[in-house]
Amino acid sequence: MTLNALEIAAFTLVGIALLLGLLRLMLGPGAADRIVAADTLSVTATAGIAGFAVFYATPLYLDVALVFGVLAFVFVVAIARTIEANRPGDTEDRA
Amino acid sequence: MRLMADVFLLLGAAFLALGALGILRMPDVYNRIQAGTKSVTLGAVSFLIGVALLHPAWWAKVLCIAGFILFTSPVGSSTIARALFQAGVRPWRVDDAAATPAERRLAGGTAPGATE
């Protein structure tokens, strides 16, 4: 199946979204901005990997997208818990 | 069918790009979480609907991915927001946008458009 103009435009827009998110990931003034950018970027990348499945016309990439989504979710929750554990004025011992 | 799939793909990709633009343009972390999560979740799900319409045989896996994104993206972003708030990051206010103390007095907690 060859791609038509609309599909090429859609894949280009996903690429633009990835580039803009990467820009925020590099520029971000603090660690918080970088984590938010990484969270957004992971969802965008999941959709982009599903786009790879269309591009190469093989459903194998859908499994890749699913595993990537699971790992990105675990990453985001782990980083968020780390920030939460390091809050100032916390006198309890940290796990 | 092909045209409908293309419309969904293009709509989803446009929402993904607009969400990334919001991540780049919004003034502070909480606004960026809003822009990033809502728009990108809708965009990703719409893009996956387009993929499923383009290749109807793949619908089960695509449904798994879309359901997973719908479940985890809000949970992840609300976890980040809660962690940031408890770590002491204060939300952005209208006063912060004013450059000088005089402008800040003028702003006085109202909308930016009301100061001119």
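Visitor: In what hand does α1(A) pass α2(A)?

Guide: The crossing is left-handed. Keep in mind that this is a predicted model. For that label, the near helix must be turned anticlockwise from the far one by less than a right angle.

Visitor: How do you know how α1(A) and α2(A) run relative to each other?

Guide: Start with the angle. The axes of α1 (residues 5-27) and α2 (residues 31-56) of chain A cross at roughly 160° and come within 9 Å. Angles over 145 degrees count as roughly antiparallel, so α1(A) is roughly antiparallel to α2(A).

Visitor: Which residues make the contact?

Guide: From α1(A), they include A:F11, A:V14, A:L18 and A:L22. From α2(A), they include A:A37, A:L41, A:A45 and A:G48. By class, the residues of this contact are 11 nonpolar, five polar and three charged.

Visitor: What makes the span of α1(A) agree with its residue count?

Guide: Its 23 residues, at 1.5 Å a residue, should span 33 Å. The end C-alpha atoms are 33 Å apart, so the two values agree.

Visitor: Why is α2(A) called largely enclosed?

Guide: Count its buried residues. A residue is buried if 20 or more other C-beta atoms lie within 10 Å of its own. In α2(A), 19 of the 26 residues are buried, so the rest of the structure largely encloses this helix.

Visitor: Which residues of α1(A) are buried?

Guide: Among them are A:E7, A:F11, A:L13, A:L20 and A:R24. The buried residues of α1(A) pack against α2 of chain A together with α1 (2-25) of chain B.

Visitor: What comes after α2(A)?

Guide: A:A57 follows, and its phi is positive, near 55°.

Visitor: How do you know how α2(A) and α3(A) are oriented to each other?

Guide: The angle again. α2(A) packs with α3 (residues 60-85) of chain A at about 175°, and their axes are 9 Å apart. The cut-off is over 145 degrees, so α2(A) and α3(A) are roughly antiparallel. The contact includes A:I35, A:I49 and A:F52 of α2(A), and A:L62, A:F68 and A:V76 of α3(A). Its residues divide into 15 nonpolar, three polar and one charged.

Visitor: What is the pattern of chain A?

Guide: Along the sequence it reads α-α-α. The total is three helices and zero strands.

Visitor: What does chain B come to in secondary structure?

Guide: Five helices and zero strands. From the N terminus on, they run α-α-α-α-α.

Visitor: What share of the contacts joins residues at least 24 apart in chain B?

Guide: The share is 60%, among contacts between residues at least 6 apart in sequence. In chain A, residues 24 or more positions apart account for 30% of the contacts with a separation of 6 or more.

Conventions
Residues numbered from 1 in each chain as written. Chains lettered and ligands numbered in written order. Predicted model: local features only at pLDDT ≥ 70, side-chain atom pairs only at ≥ 80, totals over all residues. Axes fitted to C-alpha atoms, helices over the stretch in contact; angles between N-to-C directions. Helix = DSSP H or I, 4+ residues; strand = E, 2+ residues; numbered from the N terminus. Parallel < 35°, antiparallel > 145°, perpendicular 65-115°, else oblique. Contact = placed C-beta atoms within 7 Å. Nonpolar A, V, L, I, M, F, W, Y, C, P; charged D, E, K, R; others polar. Expected span 1.5 Å × (residues − 1). Buried ≥ 20, exposed ≤ 12 C-beta atoms within 10 Å, placed from the backbone.
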